[in-house]
Amino acid sequence: MDEEDVSSDVENGEENQDEDEEAIAIRPLDQDIIIPGLSLLCRTGNGLRHAFIKVVLKDKRLSDMAAIGKYVHLRFMDVSNNRISDLSPLSSLTQLLWLKMDKNYVTCFQGQTFSQLVYLQWLSMAANRLTEVEGLVGLALESLNLSGNRIERLNGLESCLFSKLGTLELRGNRLTSTNGINLPNLQRLYLAQNSITSLEGLDKLESLTTLHLRSNKLGTLDGLSANMKCLQYLNVSNDFLDETCLRALEVVSKTLRVVILSENPLDGTTDYRPYVLTLIPKLERLDKEPVSLEERAEVWKTIQELKEETG
C-alpha cells in the first residue's frame, strides 16, 4: 500500500479553503434540500416504523444544518463541500455511524457535540479549518481523517478518548513533530506532507503496522522504537535522509516488510539496498522493487559471514 493509494478526496485542503467566495450564494438547510438526499429506508429500533437512515447533502452551499436535527434515525451522513462551521445540530443524531464533513469551515472541536455521538465509527473532516484536535471525543471511532487542515500540534489524542481508533489520517497539516499521539491500539498512521523534523512519542504506538511520513523534513530516523513491535510498512520517501540515518531501522527490523526510502539525498548517491536488506533480512519490498530470491540468498550469506567474523 503506497501513499498514492491512501483514500482521500482532498488533494490540497488549503487551496480549497481559500477559494474566492464572493460569488457563492450560501443558504441554510431546509426540507426542500433534505428530502431529495434521503435514502436507505429501514426499520426503526422498535421495529414498528420505518425511517431513512442515510442522507447526502454535499455541494449544496449550506451555511448551517439546523433542520437536520429532527432526523434522529440517521446513521450515514455526507455534508461535504459546504460552508458549515457549527456542528451542534448533530447532537440529536445519536445513531450516527458514519459522518463525512470534508471541505467545510469547522475551526475547532471545543464545544461541539461529538461526545454525544457514542456510536460514530467513521469520521472524515478533511480540508476544514481546524488548528487543533483537542475537544474531539470518539469512543467508538475506528477511522478518523483530519487531512488538509491547519493543525500544528497534536494534543487530546488519548487512548481513553479513542480506545478503538485504528486509522488516523493527518496528511497535509502543519505538524513539526509526531509527539502527542497516545494511542496504543492505533494500527495505521498517515502523516505525509507535513513539516515534521523529529520522531517523538512513537514508543506509545505498540500496535502500529503502517507509518507514512512521506514529504516531510526528516533528517533522521531516531525516534523509531523497539516498542513498535507490529510495524510492517514504513514510508519516509521525499525527506532529507542520508545513509547515516539507516542504522535506526534496526530497532524495527524484526517486523518490517516494506520500506520506502526513494527521493531522499541517499537515493542515487549510494547503493543502500544491500545494506538495508542486511539490516532487515525479512524485508519483502524496498522502494518499488520486491526483494528477489537471489538478493535474499546473498543477504543471508553476508549475515553468516559477519557472524563468523565476530564469532
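pLDDT is the predictor's confidence in each residue, on a scale from 0 to 100. This structure is a predicted model, and its protein chain has an average pLDDT of 90, with 91% of the residues scoring at least 70.

**Confidence along the chain**
- Over residues 3-10 the pLDDT stays under 50, and for this stretch the model has 24 contacts beyond four places in sequence.
- Where pLDDT is low, the predicted coordinates should not be read in detail.

**Cysteines**
- When the whole structure is searched for disulfides, zero are found.
- Cys230 has a relative accessible area of 32% and is therefore partly exposed, because that class lies between the limits of 20% and 50%.
- Cys245, with a relative accessible area of 5%, is buried, because buried means under 20%.

**Residues with a positive phi**
- Most residues other than glycine have a negative phi.
- Gln193 is not a glycine, and yet its phi is positive, at about 60°.
- In the chain, Gln193 belongs to the loop that runs between strand S12 (188-190) and strand S13 (210-212), and with a relative accessibility of 47% this glutamine counts as partly exposed.
- Ser215, which is not a glycine either, likewise has a positive phi of about 60°, and this serine is found in the loop between S13 and strand S14 (233-235).

Notes
Residues are numbered from 1 along each chain as its sequence is written. This is a predicted model: local features need pLDDT of at least 70, side-chain atom pairs count only at pLDDT 80 or more; totals for chains, interfaces and linings use all residues. Side-chain values use heavy atoms; hydrogens and water are left out. A disulfide is a pair of cysteine sulfur atoms within 2.5 Å. Buried means under 20% relative accessible area, exposed over 50%, partly exposed in between (1.4 Å probe, protein chains only). Contact means heavy atoms within 4.5 Å. Helices (H or I, at least four residues) and strands (E, at least two) are DSSP runs, numbered from the N terminus.
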